[in-house]
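This report describes the sheet, the nonpolar core and the ligand surroundings of one model. The structure is shown first, and the description follows.

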Amino acid sequence: MKHITCIEDLRQLHKRRVPKAFFDYADRGSYTEDTLRANSADLQQIKFRQRILVDVSKRSLSTTILGEPSAMPLILAPVGLLGMQHGDGEIYACRAAQAAGIPFTQSTMSICSIEDIAAAVDKPFWFQLYVMKDRGFIKSLIERAIAAKCSALVLTVDLQVIGQRHQDIKNGMTVPPEWSLSKLIDFATKPAWVSGVLQGKRRTFGNIAGHVKGTEDLTKLSEWTASQFDTSLNWKDIDWIRSIWPGKLILKGILDVEDAELAAKTGAQAIVVSNHGGRQLDGAPSSIEVLPEIADAVGSQIEIMFDGGIRTGMDMMRALALGAKSCMIGRAYAYGLGAGGQEGVAKAIDILAKELTTTMGLCGVNTIAEIDDHVLAV
Ligand SMILES: Cc1cc2nc3c(=O)[nH]c(=O)nc-3n(C[C@H](O)[C@H](O)[C@H](O)COP(=O)(O)O)c2cc1C
Ligand SMILES: CC(C)CC(=O)C(=O)O
């Protein structure tokens, strides 16, 4: 990892080490990918105000997230199928986050189960929930997250219907996978990845397989999962979830001021301004475009988290300046995982931390609390 200097280096290494279908699954977005591209492009257009001759010798990234101390304003976002980027990927990503002193969020659609991760780490992690039609299963999943001592529930609210990712279809990214000669050759040329995945605890959705009748079988698991995303999910369901989950609740996937205002009334502790990394509503604004108006409207009532397009510490600074209290990253750490397992995730976190602290220094800022739109050039 010595010559890796930026997230793009991790992305290139991920691309070389992991079969194309899984790299593309992480890397790509929905439909025309306009929103995917806008996320990063809009962040990069925001310019900083350089300040000089300010004593920046005491810079610190430490902050609080939902009232808990955190080494920096960064959270590993829920990313489905991490265990296919690297065997036991969820465990390695969680360990890297905990070693760096920041939260890790496990996706409902993980390869490792909640219990697998809880047994492998010694601090609490966050759990992300997709509400499925089978509410009995969802209730049991929440109860399993409580039993595993998960310290926050991230309820994803932007995936009642799934935005099509063309590349996944072209790559035969289905369960069971579609096999072709080129795919077999691709797998055969990635022996380290194959052996890592074979050594991993599981190769299917660990939270679902075996916990729902009949889903031990791969095809049935895939059919069941695909049929379960609940298009009827609505605001009233938040009350039901709150009646089962006693802890901190975060609503992830908000892009509209009116929705943010409704979210603030639910009693949730935080929202994530997010378009799911450009994987859902193609044509939606970039996350950074809507962040300022949402922060203005509800920032005093509810904690605001941000994701979408963050590839540098400079991007983190931009989001913090425009009203986010913390940032989530998805691809930036998934690339690290594919590139080098736990060490790769640690590298991704370290790259962002160093870039953020340098940017703070050059903008004349010592603490995260000081970052606001004064650090931006107008
Ligand atoms: C491969 C991949 C899988 C994802 N799976 C989930 C998921 O299971 N649940 C969820 O709430 N969000 C999921 N997301 C969205 C991320 O949590 C996050 O919102 C997004 O990645 C942020 O954009 P970024 O990748 O540009 O940082 C996924 C994102 C990626 C890239
Ligand atoms: C299995 C998917 C629904 C997980 C997801 O949220 C994503 O790929 O963006």
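Two strands are taken to pair if DSSP finds at least two bridges between them. The model is a predicted one, and in it eight strands form an open sheet in the order β3-β10-β9-β8-β7-β6-β5-β4, with parallel pairing. Strand β4 runs parallel to β5 (residues 126-129) and is joined to β5 by two bridges. Glutamine 106 has phenylalanine 127 in β5 as its bridge partner.

The largest nonpolar core has 115 residues, of which Ala93 and Ile271 touch the most other members. Helix α15 (residues 331-362) contributes the largest share of this core, 14 residues. Beyond its neighbours within four places in sequence, alanine 93 is in contact with Leu76, Leu82, Phe104, Tyr333, Leu337 and Val345.

Helix α15 also supplies the largest share of the shell around ligand 1, three residues. Both α2 (20-27) and α15 provide at least two residues of that shell. In total, 25 residues surround ligand 1, and the closest are Ala77, Gly80, Ser107, Gly277 and Gly330. Around ligand 2 lie Gly80, Met109, Leu159, Ile162, His276 and Arg279.

The table gives the two shells by residue class.

| Shell | Nonpolar | Polar | Charged |
|---|---|---|---|
| Ligand 2 | three residues | two residues | one residue |

Terms used
Residues are numbered from 1 along each chain as its sequence is written. Chains are lettered from A and ligands numbered from 1 in the order in which they are written. This is a predicted model: local features need pLDDT of at least 70, side-chain atom pairs count only at pLDDT 80 or more; totals for chains, interfaces and linings use all residues. A nonpolar core is a set of buried Ala, Val, Leu, Ile, Met, Phe, Trp, Tyr and Cys residues joined through C-beta atoms within 7 Å. A residue is buried if 20 or more other C-beta atoms lie within 10 Å of its own, exposed if 12 or fewer, and partly exposed in between; C-beta atoms are placed from the backbone. Helices (H or I, at least four residues) and strands (E, at least two) are DSSP runs, numbered from the N terminus. Two residues are in contact if their C-beta atoms, placed from the backbone, lie within 7 Å. A residue is near a molecule or strand if its C-beta atom, placed from the backbone, lies within 6 Å of it. Ala, Val, Leu, Ile, Met, Phe, Trp, Tyr, Cys and Pro count as nonpolar, Asp, Glu, Lys and Arg as charged, and the others, Gly among them, as polar.
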